[in-house]
Amino acid sequence: SAVIEVSTKICRQFYCSSLEFRPASLLSFLLDTMTGIHVSEGRVVRLHFECHAELPIGSQLRVTGSSLWAPAAAGTPSDPMNAHHIAQERQQDAAFAGAVDDADYWFSHPSNLYTSSVEMVTSPETYPRWRTKQPVIVVLHTSHTTIQHHYYRYLVVTPGANSQDAGVTASTGNDALGGTNEVMMWEQPFGPISGPVVSTQSFGAKSMQSDEASHTLWNLAHLPYRTLDINVETGQVVSPAPEDRLDTWNFPEDASFRAYQIRESMSLPSNEKAAKLLHRSSQSTLSEDIIMQDDDDEDTSVPLSGLSSSKQQQLASNKNSAPKILFICFHLPVVVVKVQSQWQATWSESLLAQKEGSKIVAAYRAHWIGTVTPHPPIVNEEDRQAVRKVLSDLNCTPIFLNPSTRQAHYYGFCKQVLWPAFHNIDLLDLSSSSGVGASGSTSASSTSHAASDWDQSRLDHWWQAYQQVNQEFATVVNGLVDSDSSTYLWIHDYHLSLLPRCLNQEPARSCRKVFFLHIPFPTSQIFRELECGEDILTGMLHADVVGFHAFDHARHFLNAAKRILGLNYESLVGGLIGVNFLARTVLVSMSNVSIEPKMADAALALPSVGQGAEGLKSKHGGRQIICGVDIGQRLSGTSLKLLAFERLLRDYPIWKQKVVMVQRVLIPGSRKTDEQLTLRELRALVQRIQDEFGTSVIDYQEVAGSNLAMDQRLALWKASDVLMLTPVREGLNHWPMEFIYTKTSEAPGVVIASEFSAVCSILNGALRVNPFDIQMTATVIDKALSMDIQEREGRRYRDLDFVSNSPSDKWVRNVLRDLRDATTAGKSSKNNSSAATPTTPSMTPRRPKQEILQGAAGFLVKESQAAFTHISPMTLKRSYDQSKNRVIIVDFNGTIVMKEPPGKYLKREILGTSGNKPPPEVLEALS
């Protein structure tokens, strides 16, 4: 039977995607007679592809469908979302009709590159040979030639894995352009490409190359392609020959690449080829190599002293032209002290501090912005200027806040409102007991209940101070950003949750923004209790990426956005999640970071570490040591830990003479009432344990400050057999990772981690406990103390790779990759929520109609355009004018008016579409 392929636009008019009749000439005659539109006809060829590809476990091979930019057929398993039909609806926006519209759609929506491809499968018997699970459908068009060319590409899909980790030698399309793509990896056997070659004629105000994300995606069109030649009369593949039909992944000598190689060699004059090669070489800067290199790769960098003067000048020039990245945090990661009337500054241990040999700092112009707490405190303007000068050498800009404003912002709103709320403490608990009591405690806990100092009337003043501080930060940031989109803004933690929205004005508006929360995010039920909750959510959503350390925190954020703001979220390619907000997609990501191995190695070499470890061991007479370092606040769960240790000594009396708990409690002074109540409870519990079991079973000390000196921590880790952390709520804690790394050259230790901590989901070798289950926790402690050396080594081995190879540089690179993905997704987002502003035609940039593409993409466009039967606008208008009865069907919700959010998700009343009027442009078009 003959299958008649009708133009997609005509199919939309008749609500069908393909028609099948006998004889074909009858339908063709009727359509020609009734509409004056010629319809191409031909036979369908079903092609199966085979490819030799040695891929790691979890990776999958796919091949493009009926064309490079379209699926096999609308609604087929290869296109379950009917993406091709959607693509055709964008024809009016493209520079070319027909196939170019498909290309514009696919390369503006990366997920459709996957949707439009066909799955390939293998088996243990046939591996590494892959074969299409279903055939690729190709329609043989009627033409004056007997040969029709079918162009295709292979891609490897590895969900959730980095391309380097996957072990596939080929670069992805994005890799070749200076970015990374974790999921879709395309063949690139002929080396990196420099991107699409666009002629200088007839450009509009905004070209493709002015938009980095669009530039990156459109470069995918210029990747090498394979060719099959099909005889139109017989429907048989005539080239490559049958013996050459088995392709090999990323192999340049495959016969299917010959047509591409021939066309490329003939398309450019020799001088243009040389210029193109020279351009590629000049673009391969050292900074790009640095940023894309994995931390576990061999360091092949050359010291500056070993470079020629011209190379050093080139490196300096590259550094000056590198993108700028601003790390914005409330506390600058520095230590500022005054020694002999001279101010001095150095980097702290903070995750955000600059690290020696950082590849991020080498590739970007990094700068830090935040407040500073010098010792002694600053008393005059002369001290401020001196501190500014000292910090400028570290590329830091300090912000000096009014003392009363700082007090209300940090110690008021941040520590008394946001900190407990973000840790899932109900405001009712705050108003009744100033914190959360220790479940399971007896007489000791009864002394912790005291009159609350909570005063709701202070919230207004604290909230005003919080807004004022965020606005002051915005003013400083606006003075430091470049006046283009090359600046990255990375905003850290809950102190500055309004800052992304404050930076929604130029010049910072065009910058790409990341907001990363380092503490937990509460459930929507708790978050809704905040009067300012909606403002905080909106502020965070003005960033391009919102990052968290744990999946639970990200999930709570998504639920809050859905139930409070009515925002929908969707799954993106690679397992990413996007929230539709203000006509764009905000990426919600989760990423983890470990310690700095080089810093730990340097500290471990200090004599004080070894001496401190030996001192602890000798002090406790060979007992096994259970260590812990906690903040002296209720959420640290230290009282629960002591209760479990007490239960261990009662239920397992064998340990009375064999174990000691070394507990250090830090007192930062940021939540004074909470700390006073917690310390009172801890002292009572320690005294009770010592009274019953003796003073030798517990070594308890309180330390002023929010941190224990690194050499003291490492000495404690080296001497200990078990590290026990039992927080009730906690963000990311690096001390368990530091413990594991410190024990690399020692007898392996055991980590006991609360299931309510973020690190519990990271460390596979840790023993998990529910700190509220005192009996079970005591049993787990006994298990840790009794564990044989083989199991300890096995548990350490599970986590050692991540702990040793995930420094902050790698974390920063991963977040910046997510930011590039978010920028791309945001520009292609079409689904808006009720909180989004309508997208009018004037707001949607279109490609200049006169763009002329050359190279591989331009050739494929012309080939696909030649095989496409276009609708005749004149014929369509003539038929429309001659008709008497016309029916125009247009969707209302989501087309005429903005789509209403689901009422069941909103905790407020929604009155249908009241007040939701169509935009003026829509009303004008319908009138």
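This is a predicted model: local features need pLDDT of at least 70, side-chain atom pairs count only at pLDDT 80 or more; totals for chains, interfaces and linings use all residues.
Biologist: Why are H23 and H26 called oblique to each other?

Modeller: Helix H23 (residues 607-619) and helix H26 (residues 710-719) pack at an angle of about 45 degrees, with their axes 8 Å apart. Angles under 35 degrees count as roughly parallel and those from 65 to 115 as roughly perpendicular, and H23 and H26 are therefore oblique to each other. The crossing in which H23 passes H26 is right-handed.

Biologist: Which residues in H23 and H26 meet, and what is the contact of H23 with H26 by class?

Modeller: From H23, Ser608, Val609, Gly612, Ala613, Leu616 and Lys617 meet Asp711, Leu714, Ala715, Leu716, Lys718 and Ala719 in H26. By class, this contact of H23 with H26 has seven nonpolar, two polar and three charged residues.

Biologist: What makes H26 oblique to H27?

Modeller: The axes of H26 and helix H27 (residues 735-742) come within 9 Å and cross at roughly 60 degrees. Roughly perpendicular runs from 65 to 115 degrees and roughly parallel is under 35, so H26 is oblique to H27. H26 passes H27 in a right-handed crossing, and in H26 the residues Met710, Arg713, Leu714, Trp717 and Lys718 meet Trp735, Glu738, Phe739 and Thr742 in H27. By class, the contact of H26 with H27 has five nonpolar, one polar and three charged residues.

Biologist: In the sheet with the order E29-E28-E27-E30-E31-E32, why do strands E29 and E32 stand at the edges?

Modeller: Six strands form this open sheet, and their pairing is parallel. Strand E29 (698-704) and strand E32 (767-769) each have a single partner strand, so one side of each is left without a neighbour in the sheet. Direction ignored, neighbouring strands of this sheet are turned by 20 degrees against each other on average.

Biologist: How do you know that strands E27 and E28 pair?

Modeller: Pairing needs at least two bridges between two strands, and strand E27 (residues 624-631) and strand E28 (residues 659-667) pair in the parallel sense over eight bridges. Aspartate 630 stands opposite valine 665 in E28.

Biologist: Why does valine 546 count as buried?

Modeller: Buried means under 20% relative accessible area, and valine 546 is at 0% relative accessibility, so valine 546 counts as buried. Valine 546 is found in strand E23 (residues 545-548). Leaving aside residues up to four places away in sequence, valine 546 touches Phe515, Met540, Phe557, Val586, Leu587, Val588 and Ser589. The C-alpha atoms of valine 546 and valine 588 are separated by 5.0 Å, although the two residues are 42 residues apart along the chain.

Terms used. Residues are numbered from 1 along each chain as its sequence is written. Side-chain values use heavy atoms; hydrogens and water are left out. Axes are lines fitted to C-alpha atoms, for helices over the stretch in contact, and angles run from 0 to 180 degrees between N-to-C directions. Helices (H or I, at least four residues) and strands (E, at least two) are DSSP runs, numbered from the N terminus. Angles under 35 degrees count as roughly parallel, over 145 as roughly antiparallel, 65 to 115 as roughly perpendicular and the rest as oblique. A crossing is left-handed if the near helix is turned anticlockwise from the far one by less than a right angle, and right-handed if clockwise. Contact means heavy atoms within 4.5 Å. Ala, Val, Leu, Ile, Met, Phe, Trp, Tyr, Cys and Pro count as nonpolar, Asp, Glu, Lys and Arg as charged, and the others, Gly among them, as polar. Buried means under 20% relative accessible area, exposed over 50%, partly exposed in between (1.4 Å probe, protein chains only).
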